[in-house]
Amino acid sequence: MKGCMRNECPQCGSVAFVKNGMTRHHAQNYLCRGCGRQFVRELQIEHISDRVKALVLRLKEEQLSLESICRICSVSRSWLVQFFKTQKSHTGT
Ligand SMILES: [Zn+2]
């Protein structure tokens, strides 16, 4: 998977962000001027938008298979498995 660059804040969608030093992984870090969120522009596997995550969870509640969710949400199966693992700790509303 080749990395690509995001052009907006992952949190609020603002394009007004400034360079904010380097991460410990030597990636350029950015700071959103809209909401103050820090992020890196280089997309990694974990960088799935909250909107997609919400959709993933909804589809899972509908008992869809992992394969279906992958196709609908355009996420990798490995990410999905990882994501569900992280969700386990706080399920139930
Ligand atoms: Zn923002």
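# A guided tour from the sheet to the helices

Read along the sequence, the protein follows the pattern β-β-β-α-α-α, and its secondary structure comes to three helices and three strands, where helices (H or I, at least four residues) and strands (E, at least two) are DSSP runs numbered from the N terminus. What you have open is a predicted model, in which local features need pLDDT of at least 70 and side-chain atom pairs count only at pLDDT 80 or more, while totals for chains, interfaces and linings use all residues. For your selections, residues are numbered from 1 along each chain as its sequence is written.

**The whole chain**

Begin with everything displayed: buried residues make up 6% of the 93 residues in the protein, a residue being buried if 20 or more other C-beta atoms lie within 10 Å of its own, exposed if 12 or fewer, and partly exposed in between, with C-beta atoms placed from the backbone. Among contacts between residues at least 6 apart in sequence, 29% join residues at least 24 apart, and two residues are in contact if their C-beta atoms, placed from the backbone, lie within 7 Å.

**The sheet**

Next select the three strands, which form an open sheet in the order β1-β2-β3 with antiparallel pairing; two strands pair if DSSP finds at least two bridges between them. β1 (17–22) and β3 (38–40) stand at the edges, each with a single partner strand, so one side of each is left without a neighbour in the sheet. Direction ignored, neighbouring strands of this sheet are turned by 40° against each other on average. Strands of a sheet pair through backbone hydrogen bonds, either parallel or antiparallel.

Stay with β1 and β2, which pair in the antiparallel sense over four bridges. Here V18 stands opposite L31 in β2, and K19 stands opposite Y30 in β2. Follow the chain through the hairpin of β1 and β2, where five residues lie between the strands and H26 takes a positive phi near 65°.

Then move on to strand β2 (residues 28–32) and β3, whose antiparallel pairing runs over three bridges, with N29 opposite V40 in β3. The hairpin of β2 and β3 also has five residues between the strands, and G36 in this hairpin takes a positive phi near 85°.

Now select helix α1 (residues 50–61) together with helix α2 (residues 66–73), which pack at an angle of about 150° with their axes 10 Å apart. That makes α1 roughly antiparallel to α2, since angles under 35 degrees count as roughly parallel, over 145 as roughly antiparallel, 65 to 115 as roughly perpendicular and the rest as oblique. The axes are lines fitted to C-alpha atoms, for helices over the stretch in contact, and angles run from 0 to 180 degrees between N-to-C directions.

Which residues make the contact between these helices? Show the side chains of V52, L55, V56, L59 and K60 of α1 and of I69, I72 and C73 of α2, for these make the contact.

Select Q63, which lies in the loop between α1 and α2. Its phi is near 65°, a positive value in a residue other than glycine, and with 7 C-beta neighbours inside 10 Å, Q63 counts as exposed. Most residues other than glycine have a negative phi, and most peptide bonds are trans.

Go on to S74, found in the loop between α2 and α3 (77–87), where phi is near 55°, again a positive value in a residue other than glycine. With 8 C-beta neighbours inside 10 Å, S74 counts as exposed.

Finish with E67, whose place is in helix α2; with 10 C-beta neighbours inside 10 Å, E67 counts as exposed.
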